[in-house]
Structure formats: C-alpha cells, structure tokens
Amino acid sequence: MRKGEATRARIVDEAARLAAQRGLTAVSLADVAEAVGLSKSGLFKHFDSKEAMQIAVVENVMERFTAHTWTPAADLPTARERLEKVFECWLDWEDMVWSESGCPIIAFSVELDDQPGPVRDLLQHSLKRWRRTLVNQFVDLREPPLTEAEAQAAYFQMKSFAMGYMDARRMMGDTDARRSATSAFVSLLERTAKAAA
C-alpha cells in the first residue's frame with residue numbers, strides 16, 4: 001500500500017472509530033486530523049468535504065461488516081449453516097470488533113434515518129443489499145422454499161435478535177445476553193425450517 005493510501009485508510013479508520021462513539025455528524029474534519037496527527041489542510045488532500053469523509057466511513061464500515069459476518073459463512077454447504085455462522089459472527093462483530101462503542105451501523109441508522117442525502121442513501125442501499133443476501137438464505141432454508149414474505153419476516157427477527165443482544169449486553173449489563181440471543185435464533189431456525197412439514 002502506498003503512503004497516501006495508507007494515510008487515507010488510517011483517516012477512515014479513525015473517523016469510523018470516532019463516529020461510532022459520537023455519531024457521524026458530530027465528528028469534524030479537525031477532530032479526525034488531530035486524532036491522526038495531520039493538519040486540517042493535510043486531511044483535505046484526502047477528503048475535500050465532511051460529507052466525502054462520511055461516505056468513506058460508511059463504505060468502510062459496511063465492507064468490514066460484510067467481511068466479518070458473510071465471508072466466513074459464504075462457502076458453507078447449507079443455508080442453515082450459513083445463517084448460523086452469520087449470526088455468530090454478527091454477535092462477535094458487536095463483542096470484539098466494536099467493543100468500545102457498539103455497532104456503528106446501528107448508530108448510523110438511528111442518526112441518518114431522517115437525514116436525506118448521499119450518506120443516508122449509501123447506508124440504506126448497503127443495508128438493503130445485506131437484507132437481500134440473508135433473505136435469500138432464509139428462502140433456501142427448507143424445501144419447499146420459504147415464501148418471500150416468510151423469509152423477510154425471518155430476517156426481521158434475526159436482525160432484531162442481533163440488535164437486542166447489543167442493547168441487553170451494553171445498556172442492561174446482561175451477562176447472559178449472548179446465550180439468550182443465540183437460543184432465540186436457534187428457535188427461529190427450528191420453527192422456520194419445520195413450518196412446511
């Protein structure tokens with residue numbers, strides 16, 4: 001990686017870390033420049049606006065999320081195995097990758113849900129693509145396949161369990177949260193897989 005590319009990557013990583021803690025709009029170019037040891041003019045060599053930096057942060061976080069949660073599951077032989085691995089990695093993403101701040105995707109979603117513009121559009125597009133990936137897995141969970149409506153409902157529950165886990169663990173201090181979330185997800189898979197029997 002060239003020096004300029006490495007510096008840009010360091011800027012984006014630091015901006016993502018700060019944004020996960022404070023929110024995207026609360027992080028200024030000056031904040032990030034100070035955190036990475038650059039002048040503000042030095043930062044402008046890589047990003048000419050706060051919005052450009054925010055877009056890079058959302059892209060970076062979503063790429064990292066996909067790599068962490070989907071890549072380890074993608075080549076597993078069955079939809080159930082893939083879904084189980086994704087859910088395990090999703091909880092690990094919250095536990096290990098973002099242990100200091102919690103999942104930035106949830107924070108960004110709350111912050112941007114009523115803020116129209118390119119940053120929100122990018123996040124929404126990325127989340128829809130993620131939903132489509134997992135809905136497709138639920139469709140293939142059984143034979144005959146789930147209907148689109150059934151698969152959408154199953155994905156909704158899966159995401160709710162992952163988000164509920166973070167709230168239970170971080171806000172409520174529930175030390176049993178992971179077991180509860182995993183048990184709820186396994187029950188969802190069992191119900192969904194047997195629904196056509």
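A pocket is an open set of points on a 1 Å grid over the protein atoms alone, with protein on both sides within 12 Å along at least five of seven lines, and its lining residues have an atom within 4 Å of a point. A volume is the space filled by probe spheres set on the points, which are joined across faces, edges and corners.

This is a predicted model, in which local features need pLDDT of at least 70 and side-chain atom pairs count only at pLDDT 80 or more, while totals for chains, interfaces and linings use all residues. Residues are numbered from 1 along each chain as its sequence is written, and side-chain values use heavy atoms, with hydrogens and water left out.

**View 1. The second largest pocket has a volume of about 190 Å³.** Look for its lining residues, including Glu 59, Trp 70, Leu 122 and Trp 130. Helix α7 contributes the most, five residues. (Helices are DSSP runs of H or I, at least four residues long, numbered from the N terminus.) By type, the lining has four nonpolar, three polar and three charged residues. Here Ala, Val, Leu, Ile, Met, Phe, Trp, Tyr, Cys and Pro count as nonpolar, Asp, Glu, Lys and Arg as charged, and the others, Gly among them, as polar.

**View 2. The largest pocket holds about 370 Å³ of space.** Of its 15 lining residues, Ser 109, Gln 124, Leu 127, Arg 131 and Lys 159 are the closest to the centre. Helices α6 (104-112), α7 (118-139) and α8 (148-171) each give two or more residues to this lining.

**View 3. The largest cavity has a volume of about 30 Å³.** A cavity is a set of grid points where a 1.4 Å probe fits but cannot get out. Ala 15, Leu 24 and Gln 54 are among the residues around this one. The lining has six nonpolar residues, one polar and no charged.

**View 4. Arg 80 and Glu 190 form a salt bridge.** A salt bridge is a side-chain nitrogen of Lys or Arg within 4 Å of a carboxyl oxygen of Asp or Glu. The closest N and O atoms of Arg 80 and Glu 190 are 2.9 Å apart. Arg 80 sits in helix α5 (residues 79-97) and Glu 190 in helix α9 (residues 177-194), so the pair ties together parts 110 residues apart in sequence.

**View 5. Glu 150 and Arg 142 meet in a salt bridge.** Their N to O distance is 3.1 Å. Arg 142 is buried, at 12% relative accessible area, whereas Glu 150 is partly exposed, at 33%. (Buried means under 20%, exposed over 50% and partly exposed in between, with a 1.4 Å probe and protein chains only.)
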